[in-house]
Amino acid sequence: MPGRRTFLIGGGCTAFIKMGLEAATKALLDAGITYDLVESAYVGYVYGDSTCGQRALYSLGMTGIPVVNVNNNCSTGSSALFLANSAVKHGQTECSIALGFERMKPGSLGSNWPDRKPPMALFSSRMVELEQESVGENHGPNAPRMFGDGAQEYFNKYGGNVETLAKISSKNHKHSLNNPYSQFRNGWSVEQVLNGKKINKQLTVFMCSPTSDGAACCIVASEDFVHKHGLENQAIEIVATTLTTDSPAAFGNSAMDLVGYTMTKNAAEKVFKEAGFAPGEGRDQVGVVELHDCFAANELLTYPALGLCKIDEAHKMVERGDNTYGGKFVVNPSGGLEAKGHPLGATGLGMHFYIMRAGPMQAQGLFDTADKRGKYGLVHNVGLGGAVVVSLLRRPEFYKPGGVDGRTRLGYNHAHECRPVTMADVNKVKSVQSSNYVLAAAKL
């Protein structure tokens, strides 16, 4: 994507049981700016009425800026960030905000519109056909069933088994012990994961992301904005990001492609090419990864789709421990969706927040390189139906350590501690064009 360089200058997250005003306030405090400097907003959510984005942001100000509401299934949050980044990259704005939130009903995902055929109906039909044609009979709710089928195709072709998925899940649950924002911080063992309630032939309950409420927010700015506001000590460059949708392969003869394998592969190749790498290259310069483990099955499929290993080596990567501390990559140091939760509108933004703020502290050796910019952080967020966003993040060459940063402004390290915000915090970042009437109705 040609255009200007862009940077993440502020991020905020809630424990994945809270909502939007808190996340946006934390992000603005982190960046050290007020809402007056934000020129456009992109707000993601899946289960909500029209203009929820305006309602969430009006507590910070009613400045007349464009507010665009975004719905792209599980990739909603990072789709909002893709749009915010595009606005800055192509000179429409100097500073844009991406906010995502969700309030979800318990249980498996479903449609709120029983009077019409859901957009996922064709995917569901093809899932059943592929079970009959190749991967074998399965059962359970559609989403875990589709991803379970994808894992079964991988097992049949290349190796691995349900225990491989249990090892991925246990790894993520152990990582979650370091994340104060995680919904679950239990550190389940492989045996405990395997003994969990069976959801289908491949997955137990601990291999599945829970339904969640929560919010996350990222602020994108131009290089000129970074220097003007003295944010060289905390800006993280969005070196490359892309949003891709399905190809005809999605409805071909592969259960892996039905859940986005080729879509992710195409996005990854595009992002690494944009970052200046030749086809298949650049993965050795990645140090930390946040990827979309809505189910442990998808984490397995995503390793080769992103190019982290060859197609027939994903299960071997798990066996070698190349997906955790001491291995080749640290994958999902946050605990992933399986542990931290999966509020659809917030998930992708939470991934970017975790890489930009907690990743450098939790992926040891990220800056033990000849290049002072360190290794890349890689983000992957997929939504069936479909859309996938892949991003490469990195510390810029003009990084200057020290000075005031988000930890100073918030009064604590919000990547390592989860604290609520107060109305006094909101007052620090709200616009001069704010409504007392709206603020009186704000909930924290």
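This is a predicted model: local features need pLDDT of at least 70, side-chain atom pairs count only at pLDDT 80 or more; totals for chains, interfaces and linings use all residues.
Residues are numbered from 1 along each chain as its sequence is written, and side-chain values use heavy atoms, with hydrogens and water left out.

Q: How many residues does the largest nonpolar core have?
A: A nonpolar core is a set of buried Ala, Val, Leu, Ile, Met, Phe, Trp, Tyr and Cys residues joined through side-chain atoms within 4.5 Å, and buried means under 20% relative accessible area, with exposed over 50% and partly exposed in between (1.4 Å probe, protein chains only). In the largest core, L165, V289, Y303 and L378 have the most contacts inside it. A second, separate core of 39 residues includes I33, V38, Y45 and A442. The largest core has 83 residues.

Q: How many residues of strand β5 are buried?
A: Helices (H or I, at least four residues) and strands (E, at least two) are DSSP runs, numbered from the N terminus. One side of β5 carries G214, A216, C218, V220 and S222 and the other A215, C217, I219 and A221, and both faces are covered. Strand β5 (residues 214-222) is largely enclosed by the rest of the structure, because the buried residues number nine of the nine.

Q: Which residue in β5 is the bridge partner of G100?
A: Two strands pair if DSSP finds at least two bridges between them. Strand β1 (residues 6-13) runs antiparallel to β5 and is joined to it by seven bridges, with F7 opposite A221. Strand β4 (residues 95-102) is also antiparallel to β5, through eight bridges, and there the partner of G100 is A216.

Q: Which element gives the largest share of the lining of the second largest cavity?
A: On a 1 Å grid over the protein atoms alone, a cavity is a set of points where a 1.4 Å probe fits but cannot get out, and lining residues have an atom within 4 Å of a point. The second largest cavity has a volume of about 60 Å³, and its lining has six nonpolar, five polar and no charged residues. Two or more lining residues come from each of α10 (261-274), α11 (296-305) and β9 (376-383). The largest share, four residues, comes from α11.

Q: Is N332 buried or exposed?
A: N332 lies in the loop between β8 (330-331) and α13 (336-340), and its phi is near 55°, a positive value in a residue other than glycine. T51, in the loop between β2 (40-44) and α2, also has a positive phi, near 65°, but T51 counts as partly exposed at 41% relative accessibility. With a relative accessible area of 0%, N332 is buried.

Q: Which residues does the cis peptide bond join?
A: The loop between β9 and β10 (387-394) holds G386. The cis bond has an omega of about -5° and joins G385 and G386.

Key
On a 1 Å grid over the protein atoms alone, a cavity is a set of points where a 1.4 Å probe fits but cannot get out, and a pocket is an open set with protein on both sides within 12 Å along at least five of seven lines; lining residues have an atom within 4 Å of a point. Grid points are joined across faces, edges and corners, and a volume is the space filled by probe spheres set on the points. Ala, Val, Leu, Ile, Met, Phe, Trp, Tyr, Cys and Pro count as nonpolar, Asp, Glu, Lys and Arg as charged, and the others, Gly among them, as polar.
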